[in-house]
Amino acid sequence: MKTVLFCQNAYAFGILAPIRAVLQKESHEYIWYISPKLLDTFPFKKENFTTSILDLQLFESDAIFAPGNEVPYYLRGVKVQIFHGLAGEKKGHFRIRHYFDLYLTQGPYFTQKFNAFKAQYQNFEVVETGWPKLDIYRSEAHDYSTEKETLLNKYNTDKIILYAPTFSPSLTSAPYLLDQIKELALNTGYLVLIKFHDLMDVKWIAAYKKLSEEIPNILFKEDKNIIKYLLLADLMVSDTSSVIYEFLLLNKPVITFKNISENIQWLDAKSYDSLTDKVRTSIANDSFALQRKELCAQYHPYNDGKSAARMVQTTKEYIAKNGVPNERKLSFLRRKKIRKIFGKPTKDICTGPKKEKISALVITYNEEEHINGVLENLQFADEIIVVDSFSTDTTIEKIKAFKNIHLIQRPFKDFTDQKAYALAQAKHNWVLFIDADERLTDALKNEVLKTVNSDQKKAAAYYFLRIFMFEKQRMRFTGTQSDKNYRLFQKSKVKFDTTKTVHETLLVDGESKVLKNKLIHYSYNNYEEFKNKRLKYTSMQAKELLAKNKKPTAFHFVIKPAFRFFKHYVIGLGFLDGKKGIILSYLMALGIHNRYSELKKLRKEKQL
């Protein structure tokens, strides 16, 4: 069974990991899909993963396991909803969005409600399997016992309290419990662990971090593994977070503030006060033990650690009975929503045999912001080579997290020298050479595959038109309309012009063509970054001009910069890009002026 593990948010990793383990054990083929925002936190980069919907189209899955609320209707495979929590009282938990063929429920409370929907809509199946995230509590139940003992001894206490509120602005207790948490830690001596949701307001993250710096027995935890802290803690403080159910299922007491559930089986307070007294009372007299037992029977009666295995088996049985759908039939508005979230499916995809292999090349220096994105973007290539100029940030660490990257570290002389060296390392004739801040869209990636594998006559080299992104917004004018560079070419028919050291020039022996789809160029995040990079380039260009014995004149300091501004702002329609058009045009002109100012300085130094 070919399976997609579909992640829209970081919480999906822990939910899907037990299913992944079953798939591995049973030798099923699988691929992780993660939204681009998760690249830096994704823990399984050594495995098959993608941020590309095209890759999922090409994968042609039999099943898609999704802990989120949406999944692309146009992907092949049984769409399986496995839920991302146990809080049935939350808005949207019991809502049929019509994206799924199969709902795998956690326990009788959920099964009953979804069976009612099944009777109403009659276009999906419901099977109770248990929830995979809870499998790990059985396998790791004793993994942290030594660590817990060490913590209790270190802080000279006998209890660990976990504060894990929801992020939802209308439901979170975080703004109201800051002083209460401080009082709890100071008055009881208990060790207090604070674990926030990924989407918590940064204001409260900062406030509680500051609190943890002031109070020794308050620890603010930022790693993604909340399971560890659920197992370590003796009592949880929360509000309307779905994680309280996971804690209750471990048979431990919970205190919440203003929880909106209609079926509260724990201590819930209607005002934000007296936290210390409530904690002491709950520890001394666990009065909700019987209610927790009843809740477990309804929400998740499975303690065998085999929920993930049941999910995989159920899905295989569904496929055996119903086959594999190519897409899910939806209304026009539902289809429109999915296309807005995930984009349109790529049409006329390259599904034929790969006749040609592609070497993807990147040169880097301190590209920690972009390196995860570009390496993931190039995973469709047959070889990925990174030539790094001894980066001093986390670039190398991030490169090594991937499984199939050929990393070479080499001193930087100039761009032409470094790129020529990288080109010489490519094993395959077809080379895709992009910068770390560039990304191929799905449509462009598909066009590259179709181009190199076509039976038609091929050009020696292909230009890519580029979408210019400035401060995370697309520039549509300011001369960027015609921005293009060689990015795909045959190694045997090209070489770099060694007389050009900055804006490297490719010498092509044969025909050149332009591909239809555009490359995204995430050029600069802000004004200062753009300005500094322009100044760096102009300094290198000045050295190139010095080598050619060029002499700067008034023309270079006045007329040429003025014309460059006019070219971008007027001829290139920069005025249609608003304020950013002015800024970009100015910086382009400033680059020209600085190039010749630097040249003048270098000539003077040479004469001394």
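1. Let's start with a term: two strands pair if DSSP finds at least two bridges between them. Helices (H or I, at least four residues) and strands (E, at least two) are themselves DSSP runs, numbered from the N terminus. With that in hand, look at the open sheet of 6 strands in the order E10-E9-E8-E11-E12-E13, where the pairing is parallel. At its edges sit strand E10 (218–221) and strand E13 (267–269), each of which pairs on one side only. Neighbouring strands of this sheet are turned by 20° against each other on average, direction ignored; axes here are lines fitted to C-alpha atoms, for helices over the stretch in contact, and angles run from 0 to 180 degrees between N-to-C directions.

2. Before going on, a word on what you're looking at. This is a predicted model, in which local features need pLDDT of at least 70 and side-chain atom pairs count only at pLDDT 80 or more, while totals for chains, interfaces and linings use all residues. Residues are numbered from 1 along each chain as its sequence is written, and side-chain values use heavy atoms, with hydrogens and water left out.

3. Now zoom in on that sheet. Strand E11 (residues 235–238) and strand E12 (residues 254–257) pair in the parallel sense over 3 bridges. To see one of them, find serine 238: its bridge partner in E12 is threonine 256. Then there's helix H7 (residues 202–214), which lies across strand E8 (160–163), strand E9 (191–195) and E10, and runs at about 140° to E10. Contact, by the way, means heavy atoms within 4.5 Å.

4. There's another sheet to find. In this open one, 7 strands follow the order E3-E2-E1-E4-E5-E6-E7, with parallel pairing. Strand E3 (49–50) and strand E7 (125–128) are the edge strands, each pairing on one side only. Inside it, 4 bridges join strand E4 (residues 63–66) to strand E5 (residues 78–81), and the two run parallel. Phenylalanine 65 has valine 80 as its bridge partner in E5. Helix H3 (residues 108–121) lies across strand E6 (102–105) and E7, at about 170° to E7.

5. Stepping back to the whole chain, you can count 20 helices and 25 strands. The C-alpha atoms fill a box of roughly 90 × 60 × 45 Å, taken along the principal axes. Of the 608 residues, 53% are buried (buried means under 20% relative accessible area, exposed over 50%, partly exposed in between, with a 1.4 Å probe and protein chains only). Among contacts between residues at least 6 apart in sequence, 69% join residues at least 24 apart.

6. Which residues make the nonpolar surface patch of about 380 Å²? They are Phe563, Phe566, Val570 and Ile571. Patches are made of residues with over 30% relative accessible area and no salt bridge: like charges are joined within 9 Å, nonpolar side chains (Val, Leu, Ile, Met, Phe, Trp, Tyr) within 5 Å. Phenylalanine 563 is found in helix H19 (residues 554–571), and it is partly exposed at 49% relative accessible area.

7. Two residues deserve a look for their backbone angles. Most residues other than glycine have a negative phi. Serine 27, though, has a positive phi near 60°; it sits in the loop between helix H1 (11–25) and strand E2 (29–34) and is exposed at 66% relative accessibility. Aspartate 348 also has a positive phi, of about 50°. You'll find aspartate 348 in the loop between helix H13 (332–342) and strand E14 (358–364), exposed with a relative accessible area of 57%.

8. Last, the charged pairs. A search of the whole structure finds 26 salt bridges (each is a side-chain nitrogen of Lys or Arg within 4 Å of a carboxyl oxygen of Asp or Glu). Lysine 419 and glutamate 504 meet in one of them, at 2.8 Å, N to O. Lysine 419 lies in helix H16 (residues 415–425) and glutamate 504 in the loop between strand E22 (494–496) and strand E23 (506–508), so this pair ties together parts that are 85 residues apart in sequence. Is lysine 419 buried or exposed? At 4% relative accessibility, lysine 419 counts as buried, whereas glutamate 504 is partly exposed at 24%.

9. Arginine 487 and glutamate 438 form a salt bridge too, at 2.9 Å, N to O, and both are buried. Salt bridges that share partners join Lys419, Asp435, Glu438, Arg466, Arg487 and Glu504 into one network.

Definitions and conventions
Areas by Shrake-Rupley, 256 points an atom, 1.4 Å probe, with all protein chains shown as cover.
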